[in-house]
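Subject: Structure for your review

Dear colleague,

Please find below the structure that I am handing over to you. My notes on it follow directly after.

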Amino acid sequence: MKKLFWILMASLLVGGFAIAERVEAQKTKGKTRAASTKLLMKGLIAANCGAAKKDLDAAEINWDDVTLHAALLNESGYILMDDGRCPDGEWAKSAKALQATSAALLAAAEKKDAAAAKAAFADLTAQSCKVCHAAHKGK
Ligand code: HEC
């Protein structure tokens, strides 16, 4: 009986570590696709976020360019939820915020509404990048 107890405890412990490791792994890479989260951040998400900011800070806003970067940020919000990447609610919340705020940025760009575009961009960084990084980056 005692032996059975210890076998049970040991398997719970090993199982727990395996789950923790899986959660850690899924944040850095999905299940089947080749691109790591780090590369998606650098080449897709931060690249388009920085480019959109540059556009919005310019004296004369290039709206076609804002539209391009907002569209790619919008797709990124879905990619972050794909391929088993999402480990928890904070991740899901911030990825969905990326979908919603980039859609708002796209809508503002269609109307060439600078104030609305800047507000949507501020929401995007506050509700998406910051929220997910606080919970998951460098941990
Ligand atoms: C759903 C979660 C999530 C969202 C949303 C998110 N990030 Fe990240 N980001 C991460 C994680 C996790 C890492 C660390 C990846 C690693 O080092 O394996 C990271 C890393 C980064 C890095 C460092 C990349 C490198 O080369 O080391 C940059 C830059 C970055 N994110 C920018 C952004 C920007 C800008 C946004 C918002 C537009 C954003 N991220 C939104 C999860 C997220």
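**Loop residues with positive phi**

Asp83 is buried, its relative accessible area being 15%. This residue belongs to the loop between α3 and α4. Its phi is positive, at about 60 degrees, although Asp83 is not a glycine. Please bear in mind throughout that the model is a predicted one.

Lys112 is located in the loop between α4 and α5. Is Lys112 buried or exposed? With a relative accessible area of 56%, Lys112 is exposed, whereas Asp83, at 15%, is buried.

As for accessibility, Met41 is partly exposed, with a value of 23%. His133 is also classed as partly exposed, its relative accessible area being 33%.

**Salt bridges**

The salt bridge between Asp82 and Arg33 has its closest N and O atoms 3.4 Å apart. Asp82 sits in the loop between α3 (63-79) and α4 (89-111), and Arg33 in the loop between α1 (2-28) and α2 (37-57), so the pair ties together parts that are 49 residues apart in sequence. Asp82 has a relative accessibility of 30% and counts as partly exposed. Arg33 is partly exposed as well, with a relative accessible area of 38%.

Lys53 and Asp57 form a salt bridge in which the closest N and O atoms are 2.7 Å apart. Both residues belong to helix α2; as they are four residues apart there, about one helical turn separates them. Lys53 counts as partly exposed, with 41% relative accessibility, whereas Asp57, at 53%, counts as exposed. The two are classed differently because exposed means over 50% relative accessible area.

A salt bridge also joins the side chains of Lys93 and Glu90, with an N to O distance of 3.4 Å. This pair is found in helix α4, where Lys93 and Glu90 are three residues apart, or about one turn of the helix. Lys93 is partly exposed, its relative accessible area being 48%. Glu90, at 35% relative accessibility, also counts as partly exposed.

**Helix packing**

Two helix pairs that involve α4 should be noted.

For α4 and α5, the axes come within 8 Å and cross at roughly 165 degrees. Angles over 145 degrees count as roughly antiparallel, and α4 and α5 are therefore roughly antiparallel to each other. Their crossing is left-handed. The exposed residue Lys112 is in the loop between these two helices.

For α3 and α4, the axes come within 8 Å, with a crossing angle of roughly 160 degrees. These two helices are therefore also roughly antiparallel to each other. The way α3 passes α4 is again a left-handed crossing. The loop between α3 and α4 holds the buried Asp83 as well as Asp82, the salt-bridge partner of Arg33.

With kind regards

Definitions and conventions. Residues are numbered from 1 along each chain as its sequence is written. This is a predicted model: local features need pLDDT of at least 70, side-chain atom pairs count only at pLDDT 80 or more; totals for chains, interfaces and linings use all residues. Side-chain values use heavy atoms; hydrogens and water are left out. A salt bridge is a side-chain nitrogen of Lys or Arg within 4 Å of a carboxyl oxygen of Asp or Glu. Buried means under 20% relative accessible area, exposed over 50%, partly exposed in between (1.4 Å probe, protein chains only). Axes are lines fitted to C-alpha atoms, for helices over the stretch in contact, and angles run from 0 to 180 degrees between N-to-C directions. Angles under 35 degrees count as roughly parallel, over 145 as roughly antiparallel, 65 to 115 as roughly perpendicular and the rest as oblique. A crossing is left-handed if the near helix is turned anticlockwise from the far one by less than a right angle, and right-handed if clockwise.
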